[in-house]
Amino acid sequence: MKKVISILLSVLLAAAFTTVTAADETGENAGTVPGTSAALTLDGVMDEAYQSGLVLEGFKLSDGEPGDTAVKYYLIYTADALWVFADVPDDTLETVLENEDQPNYKMDSVEVMLDPDNGGYNTPDETPFQMRVDYQGNLSARLGQGGTSLYHSPERDGNVDFFEAVAVVVDGGFQAEYRIPLEDLTPGRAMGLNICYNDWDEDGLDRVVYTTTKLVDSWYPESFDYVVLGEIAAPSYEYPASGADGNVITGTVIGNETGWGDNADAGAAAAFDGNPASFFDPLGVGDGFCGIDAGESYILDKVVILSREGWNDRFVGAMIQGSDDGENWTTLWTSGETGTNPDYCTVTEFENNTGYSQFRYFNETNHGDVAEVEFYGQPGKVEAAPVEEAPAEEAPAEEAPAAEAPVDQTLDQKAEAPNTFDFGILAAAASVVSLGGFALTRKKH
Ligand SMILES: [Ca+2]
Ligand SMILES: [Ca+2]
Ligand SMILES: [Ca+2]
């Protein structure tokens, strides 16, 4: 039972950010903070996900003049936290210690002030969050204007518990990263925000650079601009995902439209979506397959397979088969081993590798679920070779140590004289079909 699914092999789930108007507009809309399902690491190093984050730059000094600084802030959010990454160029990283109770009050530091519900007013002990990290990684904080002051580093008494931040000194400045845990992070939510860069030099405080556009009293929520949370981007995957070299064979996915239990997510397309977590799951042993109809004949170079996580034992008996009509299938390879998940396995030696327009992964021995299948090869077809007239002995293995060599030879000759019979084709075909068995190599994904 063959069903054809028209699904693109290159599946890119584009991020769909929508801008939502905030309920409370206490300042100017500073932009949309996209969400990410990627796992971020709090280490002062910029995770890739920040590249799609909201970027804030080009700020003002307290006198209203443009802030002459190349500081950039990147904002993104995950399911449970707002993340802020600060890239701070600064040639004079300074410490002006005057009060040991406020260890980083007079140091080059980044100070994030957040009004989590964009209420626009002070709530003692609650709003705003005032969170500072200096270039040496010391933290200080305060909850609410006039509220509890927490001017201590966690190394001293550990009482800064409503955010985390890390800073690392880099060539020409430092980088700071904040993780601010918050509940109910959903698209459309507005949050008041002002970020200061407190820039000190050897003469004292040089300047404070603000992101907010109202500078009357930039420590109060009514002066903050606000950001709005955007959609959480679905993770994107590209096919092929193994990173293997070669010409991947693309086309139309063939096989089961739905998988085990009529699950639409476990149909044949799940083996060609680049997502190692999704998998094709047949209806039963030998009941269903996943494959590609390339639309023209290909000779395989290799097949790269990621078995289903947790089910490597089901790889025994897995077959790669080829067909030109989708009805009659020829077996090119059969697995005698268990799978290699989380590593991909690469099959490079085949039987009957004479060129087919359709290829499939199929198992009649075990339940044939599989996470990813990648067929690699070159267009071509070996002309029907009368094997009895060109027995394997006439093409000893020494003359054709690698499957690729005779295939390439065949293709070259075919290209030059596509309609003429050539003894070289015959010999190459014989050597290809004489290659028995299979080889497995492993590749880290
Ligand atoms: Ca990081
Ligand atoms: Ca400085
Ligand atoms: Ca998959």
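I will go through confidence, then strand pairing, then a few backbone details.

Before anything else, this is a predicted model. The protein chain has a mean pLDDT of 80, and 71% of its residues reach 70 or more. Two stretches need caution. Over residues 1-24, pLDDT stays under 50, and the model has 52 contacts beyond four places in sequence for that stretch. Residues 153-157 also stay under 50, with seven such contacts.

Now the strands. Please find β12, residues 173-181. Strand β6, residues 81-89, pairs with β12 in the antiparallel sense, over nine bridges. To locate that pairing on the screen, take Ala81, whose bridge partner in β12 is Pro181. Strand β11, residues 164-170, also runs antiparallel to β12, and seven bridges join them. There, Val168 has Gln175 as its bridge partner. β11 and β12 form a hairpin with two residues between the strands, and in that hairpin Gly172 has a positive phi near 85 degrees.

Another is β19, residues 330-334, antiparallel over four bridges, where Met319 stands opposite Thr334. The hairpin of β18 and β19 has six residues between the strands, and Gly326 takes a positive phi there, near 75 degrees.

Next, the backbone details. Most residues other than glycine have a negative phi, and most peptide bonds are trans. With that in mind, where are the cis bonds I want to point out? One runs from Thr127 to Pro128, with omega near 0 degrees, and Pro128 is in the loop between β7 and β8. Another runs from Tyr239 to Pro240, again with omega near 0 degrees; Pro240 lies in the loop between β15 and β16.

On phi, there are two aspartates to look at. Asp184 is not a glycine, yet has a positive phi of about 55 degrees. Asp184 sits in the loop between β12 and β13. Is Asp184 buried or exposed? Asp184 is exposed, because 8 other C-beta atoms lie within 10 Å, and the cut-off for exposed is 12 or fewer. Asp262 has a positive phi of about 60 degrees, also without being a glycine, and is found in the loop between β16 and β17. Asp262 has 10 other C-beta atoms within 10 Å, so this residue is exposed.

That is what I have.

Definitions and conventions. Residues are numbered from 1 along each chain as its sequence is written. Chains are lettered from A and ligands numbered from 1 in the order in which they are written. This is a predicted model: local features need pLDDT of at least 70, side-chain atom pairs count only at pLDDT 80 or more; totals for chains, interfaces and linings use all residues. pLDDT is the predictor's confidence in each residue, from 0 to 100. Two residues are in contact if their C-beta atoms, placed from the backbone, lie within 7 Å. Two strands pair if DSSP finds at least two bridges between them. A residue is buried if 20 or more other C-beta atoms lie within 10 Å of its own, exposed if 12 or fewer, and partly exposed in between; C-beta atoms are placed from the backbone.
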